[in-house]
Amino acid sequence: MKITEEIIQAELSRCLAKARKAFLEAHWAHPFSKLTVEMLATKYGEASRDGTIRISSAFLNTPALAQLTNTLLHEIAHLIVGLKQGHNKQFRHALERLLESERLPSEALKQSIKNNTPYKYRLLAYTSAGQVLDLGGAYRRTKRYLQYKGNHSFKGIRIDRYEYVNFCSKLPELTICDENLKD
Ligand SMILES: [Zn+2]
């Protein structure tokens with residue numbers, strides 16, 4: 001099964017029905033208004049004060065339904081408790097309730113979304129302490145890193161060199177990456 005716009009809509013309807021059962025919508029900080037599917041560079045999804053939920057188009061054509069469900073419920077939890085709560089305890093409590101009896105997405109599913117981006121390259125940085133840093137996706141290679149002057153550091157450790165690799169290629173072991181995709 002591959003995710004389509006129709007599947008996202010259907011899954012949203014199911015998640016909204018579940019959320020409305022658990023939390024009366026009249027009491028939601030931001031009542032749901034609409035869903036859009038669009039390019040979100042480094043996020044699975046996003047919620048706004050006007051009740052809009054944005055879902056990353058990177059979900060399309062992947063089998064990552066369990067992650068889609070998780071993301072939809074995550075954004076709905078933001079609408080319920082209010083965006084100004086961030087990811088605080090109240091938010092986590094609401095989300096936990098919404099996630100009851102849902103499947104957890106596997107790492108492989110997450111990877112299928114991660115690889116489904118228009119990025120061509122990934123930028124890696126090698127520090128003088130022997131670390132490799134994953135600096136994320138890039139559409140093109142830029143001079144700033146191709147002709148690196150040796151004047152950057154990471155947490156006080158000098159960066160020796162940069163390297164562009166194919167975005168989907170396997171990363172060197174011990175690569176330090178910030179959780180690239182979040183909600
Ligand atoms: Zn969030």
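Tutor: Keeping in mind that this is a predicted model, we can begin with Glu-38, which pairs with Arg-54 in a salt bridge whose closest N and O atoms are 3.3 Å apart. The two residues lie 16 apart in the chain and link distant parts of it, with Glu-38 in strand S1 (residues 34-38) and Arg-54 in strand S3 (residues 52-56).

Student: Why is the pair of Glu-38 and Arg-54 called a salt bridge?

Tutor: The definition asks for a side-chain nitrogen of Lys or Arg within 4 Å of a carboxyl oxygen of Asp or Glu; the closest N and O atoms of Glu-38 and Arg-54 are 3.3 Å apart, and therefore the pair qualifies.

Student: What makes Glu-38 partly exposed?

Tutor: Partly exposed lies between buried, under 20%, and exposed, over 50%; Glu-38 has a relative accessibility of 30%, so it counts as partly exposed. Arg-54, at 22%, falls between those limits as well and therefore is also called partly exposed.

Student: Which other residue forms a salt bridge with Arg-54?

Tutor: Glu-46 does, with closest N and O atoms 3.6 Å apart, and Glu-46 is itself partly exposed, because its relative accessible area is 24%.

Student: How do you know that Arg-14 and Glu-102 form a salt bridge?

Tutor: Their side chains meet at 3.0 Å, N to O, and the cut-off is 4 Å, so the label applies. Arg-14 sits in helix H1 (residues 5-22), whereas Glu-102 lies in the loop between helix H3 (89-98) and helix H4 (107-114), 88 residues apart.

Conventions:
Residues are numbered from 1 along each chain as its sequence is written. This is a predicted model: local features need pLDDT of at least 70, side-chain atom pairs count only at pLDDT 80 or more; totals for chains, interfaces and linings use all residues. Side-chain values use heavy atoms; hydrogens and water are left out. Helices (H or I, at least four residues) and strands (E, at least two) are DSSP runs, numbered from the N terminus. Buried means under 20% relative accessible area, exposed over 50%, partly exposed in between (1.4 Å probe, protein chains only).
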